[in-house]
Amino acid sequence: MKLLGNRPESFNDHVQAIGATYAITGQLRADDHRVRLTIQLLEPRSGQLLWSERYDRPMEDILTLQDSLTESVINVLAGCYGTLATLGRKASRHKAPGNLQSYDCYLLAVEQHNRFSQEGNVEAIKLFKRSLELEPTRARAWSELAYAYAVQACSGFDSDLDTALDNWGAALEQALRLDPTDPAAYTCLGDLRACRGDMPGAAEAHARAYQYGRNHADTLALLAGAKALITGDPEEAVSLIDRALYLNPLGPPWYFGMRARILYVVGRDRECLSALDRSSQESPSTLIFKAMAHARLGEAMQAADSARRLKAEFPLSSVERFVSGYPVTNPRALDAMRDGARLAMID
């Protein structure tokens, strides 16, 4: 980060001098009770305003407030669907396929992956592999590829669960070899270890993920799901996913899919359904949790409709495949899912 000074007439000169692609400016107003901060993201060459946000917070310990605002801005700008990644993705879409660089392929792969559809997941794996062909040391592409294989495993997109697990593990091995501090890779490793029955190893990997990513919204969202469905206290998972959404209120639809799963486990079915309305509508897990939540609320027609769509659109997907491939090992979550499956008449 470069400190550019606070004289308005010198700002553009400073930005041009360091060759910045983007510049962040801010205006701060404060009184005895509140702090009001306006932050803008600009493209220096064109002067175009790309993003703007206002933060209005009560005055508290100034260092705590500074850390809170810094964490929020970083997550909004730099998350998997942050402002900078979104800008890069838009630019990548305008390039001819033959001109795509490794990072272009990575950004487009993340977009496809976050659809959580069968078609999107297949395309994501293809694009992640292409990104890694062009730049084999891109550690985050390896960890995201591992997540694509994880989605393949739990969603029933491929009948061969063992191969999906093997591919998942191979991609993670590369990710952690290249970046031993990647919190996403450790979260994904914990999930894989749980799939293989190593619960102490799963807990250890999830603890490492939190160690390296405690202020990273994407990591907190993933860990929230792990705490609710794999091992931990589901009530604590609610706090984690809420903090992820606080740090990154522009979070992608999968944040809400994760929140829905957690709310279902703790018995907040109506809120679960509201979250599902904001999650990926192409994902079989959305239909699974809709069917179960409606069934527990006694809404038989809505539950039956979701169950019919699941069978027609995702014939290999089921509650049991989700349980084994996610995996769902937390006793409270397992009981909730099997009870919901029984009520919704899906297996």
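The side chains of aspartate 166 and arginine 196 form a salt bridge, with N and O 3.7 Å apart. A salt bridge here is a side-chain nitrogen of Lys or Arg within 4 Å of a carboxyl oxygen of Asp or Glu. This pair links distant parts of the chain, 30 residues apart. Aspartate 166 lies in helix α7 (residues 161-178), and arginine 196 lies in the loop between α8 (183-195) and α9 (199-213). Helices (H or I, at least four residues) are DSSP runs, numbered from the N terminus. Aspartate 166 is partly exposed, at 49% relative accessibility. Arginine 196 is also partly exposed, with a relative accessible area of 49%. Buried means under 20% relative accessible area, exposed means over 50%, and partly exposed lies in between (1.4 Å probe, protein chains only).

The model is predicted; local features need pLDDT of at least 70, side-chain atom pairs count only at pLDDT 80 or more, and totals for chains, interfaces and linings use all residues. Residues are numbered from 1 along each chain as its sequence is written, and side-chain values use heavy atoms, leaving out hydrogens and water.

The search of the whole structure finds 18 salt bridges. One of them joins arginine 268 to glutamate 271, with the closest N and O atoms 2.8 Å apart. Arginine 268 is partly exposed at 29%, and glutamate 271 is partly exposed at 35%.

Aspartate 305 and arginine 308 also meet in a salt bridge, at 3.9 Å from N to O. Both lie in helix α15 (residues 300-313); they are three residues apart, so about one helical turn separates them. Aspartate 305 is partly exposed at 37%, whereas arginine 308 is exposed at 54%. Elsewhere, salt bridges with shared partners join Arg115, Glu119 and Glu282 into one network.

Technical notes: Helix = DSSP H or I, 4+ residues; strand = E, 2+ residues; numbered from the N terminus.
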